[in-house]
Structure formats: C-alpha cells, structure tokens
Amino acid sequence: MPININHVCQCGRKYYLYMPFKMYAKEAGYSPKGIAVAEKIDKEDHTPERMEIQKKIAELYGAEFKDLSVNEIVQCECGKVLDMLAVFAKARDAK
Ligand SMILES: [Zn+2]
C-alpha cells in the first residue's frame, strides 16, 4: 500500500507526503514483477476521493500535502530540497 510520511523541514514547515508504493518498491529493490504489482495497487489507491482524505489529514496535522506520484522532488519554500533517499530510509526504519 502507499506510504505516508510526516516530514518536518529544517525551517519548521511541516509536510505530509504521499509516497506511491511503486516508488517505495523501486527503492526497496523489488523485482520487476513486484514493482508491477505495486503500480497496480497505486492505481487502485490513487483516487480523487483518497487524495481529498489525504489533504484533510495533512490539514489536521498542520502540514502541506505533497503527492510524490505527481512530483518526486519536493522543494520547501525556504529553498531546501527534500532528500528523498533519507525519507525512504526513514520509512523503512519505521516498519
Ligand atoms: Zn523549509
């Protein structure tokens, strides 16, 4: 399933990230078959309704919602570019 990450930038801005399962699967070293399955799961999960819910969760958290399936690179208003590899590692460690 897709992964949500709470991220706080060094400037203090909060982000609530939606990471597609496919993106994670690639990083985690899944087989091509596994990545294809992840992509299928993402398609089922990535509906406008679900994205609305994600945005609401972000609001409750006081964070900005970022959909990484739209844009893998997130740049904060302070200019800091999110280090996605570090974020991936964090997500992995949280398992
Ligand atoms: Zn920042």
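Figure 1. Angles between axes under 35 degrees count as roughly parallel, over 145 as roughly antiparallel, 65 to 115 as roughly perpendicular and the rest as oblique. The axes are lines fitted to C-alpha atoms, for helices over the stretch in contact, and the angles run from 0 to 180 degrees between N-to-C directions. Helices (H or I, at least four residues) and strands (E, at least two) are DSSP runs, numbered from the N terminus. The structure is a predicted model, in which local features need pLDDT of at least 70 and side-chain atom pairs count only at pLDDT 80 or more, whereas totals for chains, interfaces and linings use all residues. Residues are numbered from 1 along each chain as its sequence is written. Helix α1 (residues 21–28) packs on helix α2 (residues 32–45) at an angle of about 160°, with 8 Å between the axes, and the two helices are therefore roughly antiparallel to each other.

**Figure 2. The contact between α1 and α2.** Two residues are in contact if their C-beta atoms, placed from the backbone, lie within 7 Å. Helix α1 contributes Phe21, Lys22, Ala25 and Lys26 to its contact with α2, and α2 contributes Gly34, Ile35, Ala38, Glu39, Ile41 and Asp42. These residues divide into 5 nonpolar, 1 polar and 4 charged, where Ala, Val, Leu, Ile, Met, Phe, Trp, Tyr, Cys and Pro count as nonpolar, Asp, Glu, Lys and Arg as charged, and the others, Gly among them, as polar. Just after α1, Gly29 takes a positive phi of about 85°.

**Figure 3. Lys40 on helix α2.** Lys40 lies in helix α2 and counts as exposed, with 12 C-beta neighbours inside 10 Å. A residue is buried if 20 or more other C-beta atoms lie within 10 Å of its own, exposed if 12 or fewer, and partly exposed in between, with C-beta atoms placed from the backbone. The C-alpha atom of Lys40 is separated by 9.3 Å from that of Phe21, 19 residues apart along the chain.

**Figure 4. The largest nonpolar core.** A nonpolar core is a set of buried Ala, Val, Leu, Ile, Met, Phe, Trp, Tyr and Cys residues joined through C-beta atoms within 7 Å. The largest one has 11 residues, including Tyr16, Phe21, Ala38, Ala58 and Leu68, and the elements giving two or more residues to this core are β2 (14–19) and α1. The buried residues of α1 are Phe21, Lys22, Met23, Tyr24 and Ala25.

**Figure 5. Tyr16 in strand β2.** Tyr16 is found in strand β2 and is buried, with 21 other C-beta atoms within 10 Å. Leaving aside neighbours within four places in sequence, Tyr16 is in contact with Asn4, Asn6, Ile57, Ala58, Tyr61, Ala63 and Phe65.

**Figure 6. Val81 in a loop.** Val81 is found in the loop between β3 (64–67) and α4 (84–93) and counts as exposed, with 9 C-beta neighbours inside 10 Å. Not counting residues up to four places away in sequence, Val81 touches Ile73 and Gln75.
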